[in-house]
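Before reading on, please take a moment to look over the sequence and the model together. The report below is meant to be read with both in view.

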Amino acid sequence: YGQQAAGTDVVAISDSGGEFEIYVAKAFDSLGLRIDAPGLARTKFTGATPGGARRDFVLPQGAALVGRVVRDGKPVKGINVGVTSVDRGMEGFTGEFVVGTDPDGLFVFSNLPANRDYQFYGVMDSLRGIGAVPARVVRVGKEGSRADLGVVSLTPGWRVAGEVRVANAKTLPVGSRLILGREGAWDFSVIDLSADGRFDLPNVPGEAVRLNVGMTGCRAAASPPKLGRLESDRTGLIFLMEPGK
């Protein structure tokens, strides 16, 4: 993980005995590794040096996080929920973990890195038209422990609507997109914009979010509207774009 020298193997797959090799084209002092294995916790290691004695990388079991998603008291199946560590530093951040709910609305994160705080949230793209699960911080305890969030209820969320305009143009370039990102959760949604530039997003979580526009050959003509933390519907938003890099 981190900055890689040119020619470095990005991924190495271990064999049945757990052995692996990583090829690096240029001389280096040490590497940082992130290792994933079924039934074990994702773990980062530093100080992997070239040559020398063979080194063992021992992965812990991790801890579990479970819960049940409902709407109006009924289970919600087939949606995705995610967690990402609150610590976003290079050493402490282990990335995003996503699981789905079963027919009873149950979800299980089996082998999370233990002893840390996580942002828990519903993945927006799996919840379109259904509801929202706003992000919240949860604590995952020691190795082998099991934290139970209990019942997680969907909320209606808020409506975000408006229009993207390009100066001196009646329609948007083909392939224009609106990106809705969340400040706490490791989650974003990409929405294809129609030629008229109008958008209407239901069920946006009641938390701090941001909107950006991706448009070939154009740049923002004015600062995007600031949404901050949503506590009500936000409609009538206008994004002004102009030709340019």
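This is a predicted model: local features need pLDDT of at least 70, side-chain atom pairs count only at pLDDT 80 or more; totals for chains, interfaces and linings use all residues.

Residues are numbered from 1 along each chain as its sequence is written, and side-chain values use heavy atoms, with hydrogens and water left out.

**The whole chain**

The protein has zero helices and 18 strands, where helices (H or I, at least four residues) and strands (E, at least two) are DSSP runs numbered from the N terminus. Its C-alpha trace spans about 65 × 50 × 25 Å along the principal axes. Of its 245 residues, 38% count as buried, a word that here means under 20% relative accessible area, with exposed meaning over 50% and partly exposed lying in between (1.4 Å probe, protein chains only). Among the contacts (heavy atoms within 4.5 Å) with a separation of 6 or more, 59% come from residues 24 or more positions apart.

In soluble globular proteins, nonpolar side chains tend to be buried together. A nonpolar core is defined as a set of buried Ala, Val, Leu, Ile, Met, Phe, Trp, Tyr and Cys residues joined through side-chain atoms within 4.5 Å. The largest one has 23 residues, and those with the most contacts inside it are Leu65, Phe107, Phe109 and Phe120. The elements that give two or more residues to this core include strand 3 (63–71), strand 7 and strand 8 (116–122). Apart from this core lies another, of 22 residues, among them Val209, Leu211, Leu230 and Phe239. Returning to Leu65, its contacts beyond four places in sequence include Val83, Phe107, Phe109 and Leu149.

**Aromatic pairs**

Rings of Phe, Tyr and Trp (its six-membered ring) pair if their centres lie within 6.5 Å; planes under 30 degrees apart count as stacked, over 60 as edge-to-face and the rest as tilted. By this rule the count comes to six aromatic pairs, and the table gives two of them.

| Pair | Centre to centre | Between the planes | Type |
|---|---|---|---|
| Phe45 and Phe57 | 5.1 Å | 70 degrees | edge-to-face |
| Phe199 and Phe239 | 6.2 Å | 65 degrees | edge-to-face |

Phe199 lies in strand 14 (residues 198–204) and Phe239 in strand 18 (residues 234–243), so this pair ties together parts that are 40 residues apart in sequence. Both Phe199 and Phe239 are buried, and both Phe45 and Phe57 are buried. Phe20, Phe45 and Phe57 form one aromatic cluster.

**A buried threonine**

Thr101 has its place in the loop between strand 6 (96–100) and strand 7 (106–112), and it counts as buried because its relative accessibility is 9%. Its side chain reaches the backbone oxygen of Val76 at 2.9 Å and the backbone nitrogen of Gly78 at 3.0 Å. Beyond four places in sequence, the residues that Thr101 touches include Val69, Lys77, Ile79 and Phe107.

Four strands form an open sheet in the order 13-12-15-17, with antiparallel pairing, where two strands pair if DSSP finds at least two bridges between them. Strand 13 (188–192) and strand 17 (228–229) are the edge strands, each pairing on one side only. Strand 15 (residues 208–214) runs antiparallel to strand 17 and is joined to it by two bridges, and Ala208 has Arg229 as its bridge partner in strand 17.

Note on methods: A polar contact is a pair of N or O atoms within 3.5 Å; within protein, one must be able to donate a hydrogen and the other to accept it, and residues adjacent in sequence count only if both atoms are side-chain atoms.
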